[in-house]
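This report looks at how chains of one model meet and how copies are related. The sequence and structure come first.

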Number of protein chains: 4
Amino acid sequence: MSFHPTYDTGNFLFRYQTIRKQTEKICAPLSPEDTVMQPMVDVSPPKWHLGHTTWFFETFILVPHLPGYQSYHPQYAFLFNSYYNSMGSRVARSDRGTLSRPPLEDIYAYRRHVDEAMEEALGMTSLLENPSIAAVIELGLQHEQQHQELLLTDIKYILSCNPLLPAYLPEVPAVSSLFSEKHLSNEWSTVPAGVYSVGYEGDGFCFDNELKAHQVYIAEFQARRSLVTNGEYLEFIEAGGYSDFKYWLDEGWQLAQQQQWQAPLYWVQLDGEWWMYTLHGLLKLDLQAPVTHVSFYEALAYANWSGYRLLTEFEWEVLAQLHANPVTDGNFMESELYHPVAAVIRDDSTQVAHLLGNTWEWTYSGYFPYPGFETAPGALGEYNGKFMVNQLVLRGGSCATPQSHIRPTYRNFFHADKRWQFTGIRLAKR
Amino acid sequence: MSFHPTYDTGNFLFRYQTIRKQTEKICAPLSPEDTVMQPMVDVSPPKWHLGHTTWFFETFILVPHLPGYQSYHPQYAFLFNSYYNSMGSRVARSDRGTLSRPPLEDIYAYRRHVDEAMEEALGMTSLLENPSIAAVIELGLQHEQQHQELLLTDIKYILSCNPLLPAYLPEVPAVSSLFSEKHLSNEWSTVPAGVYSVGYEGDGFCFDNELKAHQVYIAEFQARRSLVTNGEYLEFIEAGGYSDFKYWLDEGWQLAQQQQWQAPLYWVQLDGEWWMYTLHGLLKLDLQAPVTHVSFYEALAYANWSGYRLLTEFEWEVLAQLHANPVTDGNFMESELYHPVAAVIRDDSTQVAHLLGNTWEWTYSGYFPYPGFETAPGALGEYNGKFMVNQLVLRGGSCATPQSHIRPTYRNFFHADKRWQFTGIRLAKR
Amino acid sequence: MSFHPTYDTGNFLFRYQTIRKQTEKICAPLSPEDTVMQPMVDVSPPKWHLGHTTWFFETFILVPHLPGYQSYHPQYAFLFNSYYNSMGSRVARSDRGTLSRPPLEDIYAYRRHVDEAMEEALGMTSLLENPSIAAVIELGLQHEQQHQELLLTDIKYILSCNPLLPAYLPEVPAVSSLFSEKHLSNEWSTVPAGVYSVGYEGDGFCFDNELKAHQVYIAEFQARRSLVTNGEYLEFIEAGGYSDFKYWLDEGWQLAQQQQWQAPLYWVQLDGEWWMYTLHGLLKLDLQAPVTHVSFYEALAYANWSGYRLLTEFEWEVLAQLHANPVTDGNFMESELYHPVAAVIRDDSTQVAHLLGNTWEWTYSGYFPYPGFETAPGALGEYNGKFMVNQLVLRGGSCATPQSHIRPTYRNFFHADKRWQFTGIRLAKR
Amino acid sequence: MSFHPTYDTGNFLFRYQTIRKQTEKICAPLSPEDTVMQPMVDVSPPKWHLGHTTWFFETFILVPHLPGYQSYHPQYAFLFNSYYNSMGSRVARSDRGTLSRPPLEDIYAYRRHVDEAMEEALGMTSLLENPSIAAVIELGLQHEQQHQELLLTDIKYILSCNPLLPAYLPEVPAVSSLFSEKHLSNEWSTVPAGVYSVGYEGDGFCFDNELKAHQVYIAEFQARRSLVTNGEYLEFIEAGGYSDFKYWLDEGWQLAQQQQWQAPLYWVQLDGEWWMYTLHGLLKLDLQAPVTHVSFYEALAYANWSGYRLLTEFEWEVLAQLHANPVTDGNFMESELYHPVAAVIRDDSTQVAHLLGNTWEWTYSGYFPYPGFETAPGALGEYNGKFMVNQLVLRGGSCATPQSHIRPTYRNFFHADKRWQFTGIRLAKR
């Protein structure tokens, strides 16, 4: 996390309450049994998310800084630590799905207990005026927003494993007004060559991995104004893209063969027609909407097949500096669509659609430290830095990302084979 | 299953209602989350047991034989088939733990639906008088009793995986009256040599694997009147039994090393003292009670270390013919202790304690067909026969077995490495 | 091993020289590279066999009993110990294929070194007259004969993995005289019910697992006079035997699906015609010859499909007592065909063909100790006993078994999935 | 590969003969058995290297371009294809160790056959003047040089697996004259900030992954003039570096725990003293020599512990542009030391020691395409591009790299866990 001296700490209490409530709103449609599922190791049970985000505030704020605070339960530190070696032993990630107890109501009681204490803490000027404590509070809020997105994508994966294919939210929202009149696939915006500054430079919050801001040289290139659509991706499938090795990285090809990938995750072919499983249940494939739930391997294979390429993370960031559409066109968690939508954009501009929101965009950049990268001291130094190998950077947020959480310098990262996030494809040329 | 022409079909309705109620009683202390856990592949989620036993009656009685019966849900046949290839595709055994839906209340509604139809069916003489239908009804009842034992052992395993070590039934029953005054470890009963008949010969129910009754030649041997106790097993541990290969089968030794076995399943050493996890929570190790939750490998290693041996399944059965204690000394599911107890027996007899109940007894006999073994036609032919390799026979039932379910000819079977059932050790010599 | 007081020790030297020479004769056609291959964990490199059989004599005879004997190399004890925990650490079985050194010529020099010392030892009456030393010498000879068979089957597997499909012995022997005129498939011989004695009772050598001889009760049954042929097995294949679960044990079915078994090991279909890989290269499938290289799972599935069954090991042994053909009809290692041949038998007899030699016969009996089984003291106690679980007994020897090594009481044992030995099928009914 | 129009084709024949001879010289000390070993999947058997490099010339030059050329053997294309999907099916990489045949002498005969045809081809102006054919010839030569280094590292790994720890070359070369008088660990050279050009720009040969040359912005940094030594690395070990997670990437930490890494590959502690297995057998650890056989994870953990960092690949390349020592100080394959040596350098300069030769240097840069990267058409397009994910770039060559094969723009790449190459550590600061 970053160490900017000044946060709007006066706003902390309001934001704390809003964010905490939002997490619980996301879990409201779930049955108790839904909240303990871990159908693959990447997915965490919703109950665990509810506990872990609470544990974060308890461990890093209340225990060290709130005088007289009593931990809710002596073993919760063991149950809800995610990966902080500094904080002692913990439930193995792959065993999170074995935890039927504590029951869901105890988790909510734990949240109440911590919320009350946090509300007290957020009224204490001694805490708010301590910059390093304020930084951790801010981090806790950002952290819980990250878990909101993970909750949505984990819930989607959990329910998709059930042969009954239940919907998370049964009503399908009316999104037609968001659909584009015009196909933007031939529209490109240009970034001229030059030395640009990338990385976070403001005085708000950013993660440690966005620092330090630094210079990069970028050669001229063009980026597509719209994301690759389901319709375009379907052409790749129908052209045999999944059965011709020449578009694929070697490791991707081997994996695709072994897993028998034939389409993005959640696509289902029934009686010759394509459907997609969504948080609103099984829907007919929307050809105009951006393709999502593709791995990096598929994104790159598509790009190779199309004759274009993916952007690097720095190209993406400079593109966003020069051509981003006003944020209002975004499709974030708050819109509660929980699915990407087709682009709406004035086609006489050079604006690029949906850089923020809709789908994360795979870049062809490894997740590595920026020059001068430094981790925080102590346990929070494990937040980002120790994952900086074997992952790719994704940019821009998705339809499951809280709008206030994302920004152009934000670096998300996943392994090349992951498909359960809302991941999509932006093309470049030259 | 067997095909004896005459069952007491007039009693079917009462037994049906009693057995079905008992299954639900076993699940009553569980939270909804508990009912979906599958922490290892051998364990099935309690919700699945509740559904599968119901599916059995629906599939094999109601759908084919009750006119006008409407299936409760078209996909439940897929969800709750266990292993019957004849009945079509099914959820993979290892994926039973991914089923958060249908919710627990739907499973109970499914049970109500089937119970009502079964109550109707059990009043129809046309069904009851059809011997092959009556045989399947009887099998359904026996099948649900088998799952009652599995429910108890699966629940124990599920809760034991939780770091909070919750108790299934918090109150520890007062079992002191069941404890022995006298240590029977040096008492042995003799079986003289001869040709004996083994296998089921009565006109009640038995499983297909107990047939046909046949002659076997048994050489003279002696069997210990009491099971091996925790105290005796502890001597084996303290003598280094787990670290000396010479007592072990090769495959057992490799497994024990790899899994780092140091004691039976559920034994825990805290501050130098031994405890055991039970369905009543963590209790101090009871040195007089029979050892349980040992694999066949451990049972045989113990026997080798002690200088004695295990019985064959036929020796066991003849022993039961000659020396069984009256059934009243048994410790079955109905006693609701859910844990083995020390022997009570008149020491001036040759009776052998706890042949029935308390713990299953590993025999050194492979699970193979009897001469003239025949499977039932159709799907129910898959009930037992297809498992007849690579497993060992266990005899006698345990503290989790319904009393009316067990008999001396009953053949249970598990792989040599399994420890989550209530398995124990009986010694022989000569 | 057994502890009979009297062996023909005067014959030891001659047998030692003959057997040792035979092992080297088997390896003569191999290239140095062939001798280090371990394409699956069950297979040992021929060089390892050459060393291990030598190590046996060095370890158990020369080091303890020949005064002044100098070990050939201090590390060979580590390299060539197979599985004797008592003899210290060793190369992991799965790593035997990593040993390019010592070079082949060093192994032969090691053999020379040990042979010379053994020839000296076999001239010392002090050794020969010591019954327990004589027993170990005898065991060493038998042990090397066992490895001769393993050498042949391992060599076959090694060469079969090579895309060039090289022949071990290029010339195909003229075996036509061994082919039967008459199809014996409908001929059966009867064993009447009774109590029989099984197990070894003579005063020659036997393994510990053949003891003690004991009584068994056998019900009347009939056994087929000839082994199941390739032609008969082909009918099973063509009738869909590999794709109908109902003939299969559950574990066999899962394995067959996973491994995509469609025929016995070494069968290859080229342009619609069946061939079999043999030690003489690829030959056309001989429909009259006994089927071989089938797992127990396949043997049992075939038996189930045919409406018959497999024998138990005791039925087999009694059958051999009553109906064995004179040994001269056997096809053993010495015939150097290294492949099973069709039966030659007078069809007006009740003799059963090829009980000894040709193919091992899977029985439906687990490999367990006989009553009163005792292991030898010390390391040689690990010879057989520690493998007595999860394996099936095979009887009768094969075309790769030395004739002087086999007898009717001999118990071989393999896991149900193994196919690389010369294993075949004998049917019974009733 | 690159497509420069002009190569010194007049030199091809001489280089061909020299390089081919060198490959065979490397294999000369091996026994036939050594040449078929594949103790881990990354390692290829030497015989396979001998065949594969030959297959390359046969497949890409002789078959398409030499009129009347007859393939040596119809199945060698299957046996010796490495990973070219375009060239049809092939032996699975993990099965290369199952190939005892063809025998070693056949492989050499194959080489002779191809060498004679190549010598003919290299005399035909029609081929030499065809730029795309000339490019493939050049690539074949470079390719064989790459396999020379792999041969040396694979041989080292193969022999190291043998409990006898045989030496590849028994004589230890006298390298004392190469040892430094002075410890350079505190000496650093500076690279000033600026936009630099990286990537290959000459008119000689380069691989496709070195293109296109492009601009990068580099911030000022300092690089250590000497590689990290065994002595320095030993301090890290003794300070507990292998047991403190905080220096490690998460995936590296998990791997190190699971594999129980305590030191670089080939380090052995005997009676409290450290030794290292080398191609000259087991030698005492040389504290002044550069540490080698470390994974990227270990390199980065060391850097983190030391308070410094690794370079990026572009920092390394610019460092080499500004501060490289004259090539003569290098330690390459040709020196036949086959082990890194301590630095010799004038300490009043700013030269950086051993940028080329000695050990490959892990950079903290992922292996990704340069801007404008293009693969060759056809099978050779699979040469590099399809591996561009999940690997790190290494720079500079090692003591096993042919001197004429390496250059400052050369990009080698391995997964972060690999240790069997001669990999080492260069530090940077700022």
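Across the interface of chain C and chain D, 12 residue pairs are in polar contact, both residues at pLDDT 80 or more. A polar contact is a pair of N or O atoms within 3.5 Å; within protein, one must be able to donate a hydrogen and the other to accept it, and residues adjacent in sequence count only if both atoms are side-chain atoms.

The model is predicted: local features need pLDDT of at least 70, side-chain atom pairs count only at pLDDT 80 or more, and totals for chains, interfaces and linings use all residues. Residues are numbered from 1 along each chain as its sequence is written, chains are lettered from A and ligands numbered from 1 in the order in which they are written, and side-chain values use heavy atoms, with hydrogens and water left out.

| Item | Value |
|---|---|
| Contact residues (heavy atoms within 4.5 Å) | 30 of chain C, 30 of chain D |
| Buried area (accessible area, 1.4 Å probe, lost on being put together, summed over both) | about 2,300 Å² |
| Salt bridges (side-chain nitrogen of Lys or Arg within 4 Å of a carboxyl oxygen of Asp or Glu) | four |

Carbon and sulfur atoms carry 60% of the area buried between chain C and chain D. On the side of chain C, C:Glu33, C:Arg101 and C:Leu164 supply 31% of the area buried against chain D, more than any other three residues. C:Arg101 also forms a salt bridge with D:Asp34 through their side chains (2.6 Å, N to O).

Conventions:
Buried area is the accessible area (1.4 Å probe) that two parts lose on being put together, summed over both.
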